[in-house]
Amino acid sequence: GDITVEYIERDDASDPTQSVQIVKRLISEHKIDALVGPSLTPNGVANVPVVAEAATPALMPSGSAAVVLPMDDKKRWVFKTTQNDDIICGAIIEHMVKVGIKTLGFIGYNDPYGENWFKVFSAQAEKAGMKIVANERYSRSDSSVTGQVLKLVAAKPDAILVAGVAAGAALPHGALTDAGYKGRIYQTHGAATPDFLKIGGKKVDGALMAASLMLVLDQIPDSNPSKRVAQGYMGAYERIYGNKPATFGANVFDAGMLLQRAIPEAAKKAKPGTPEFRAALRDSLESTKELVATQGVYNMTPQDHSGFDQRGRVMMTLRDGTWRLAQD
């Protein structure tokens, strides 16, 4: 028969401590069968042990792979509806090799988002024969990165990767432009937001980024299976809210698509609201195969709880405030 789904919505005000308290309450008071969220990396990381202890599957639309990697008995309860850093990073490294970049600078958040990016990026860069000549950190709350930018510019790298999110990704980028840095500036998928463009303005023109195809959907061939799904989501969103969604909204929509597929499977094995159902739901999510969603195609395995492959990202560049498919 039909399964009725009740949604309980909470706002953690971007605070990891509050986030943990809310999730604990949802589990103890509301006895939730699944959690969608939280979206910020530090909040996601903080909640991994919480959902694991409650044996409740969580779908986190969080930026960093730190919520699902390295896989362990806690992270097996977490699934992630954004591309893992290594998939995004692979596209960036390929582009850097293609355009002949030899030396690199890095500036990222001093939290799990920045740290995991540096780990993945430095390993892939080294393997591709490139050398990191400057490595800087800044905090999510910083309003200036002058000192870090001076060091980056002084090291004269051919290109710099910024690992920040939204307006926080625009800060070092704008400062590098102001400092007269002439090399290429790359961004992670954390910059795939309207805020990055709004705060960055003309200073972030020329940014290079690998991210979900949603940002350049009109330039994606119809043969891409996700195009139709993404168009459907974006159309529905625009009809309701009157503007285009950020890709972050699509991460949550994909979580819904994964659950929509997994819930009926789990319900064959156990009754919703029971520990057996939550365990079956976890198993069902882990067995997701070729699920076409808004940003790519999901194939989950016990080792990979993000499930994206090359179909989940494209390389793009910012021209006059608009993302275009990168040609060079």
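## A buried tyrosine and its partner

Y298 is buried, with a relative accessible area of 0%; buried means under 20% (exposed is over 50%, partly exposed in between, using a 1.4 Å probe and protein chains only). F308 is buried as well, at 5%. This is a predicted model, where local features need pLDDT of at least 70 and side-chain atom pairs count only at pLDDT 80 or more, while totals for chains, interfaces and linings use all residues. Residues are numbered from 1 along each chain as its sequence is written, and side-chain values use heavy atoms, leaving out hydrogens and water.

## Aromatic pairs

Rings of Phe, Tyr and Trp (its six-membered ring) pair if their centres lie within 6.5 Å; planes under 30 degrees apart are stacked, over 60 edge-to-face, and the rest tilted. The count comes to 9 aromatic pairs. One of them joins Y298 and F308, tilted at 50° between the planes and 4.5 Å centre to centre. Y298 lies in strand β10 (residues 297-298) and F308 in the loop between β10 and β11 (314-319), so their pair ties together parts 10 residues apart in sequence. Strands (E, at least two residues) and helices (H or I, at least four) are DSSP runs, numbered from the N terminus.

Elsewhere, Y233, Y237, Y241 and F253 form one aromatic cluster.

## Helix α1

Now for a helix: α1 covers residues 16-28. Its buried residues are S19, V20, I22, V23, L26 and I27. They cover an arc of only 165° around the axis, which puts them on the same side of α1; the arc is that of the directions from the helix axis to the C-beta atoms. These buried residues pack against β1 (35-36) and α2 (41-53), with contact meaning heavy atoms within 4.5 Å.

Key:
Expected span 1.5 Å × (residues − 1).
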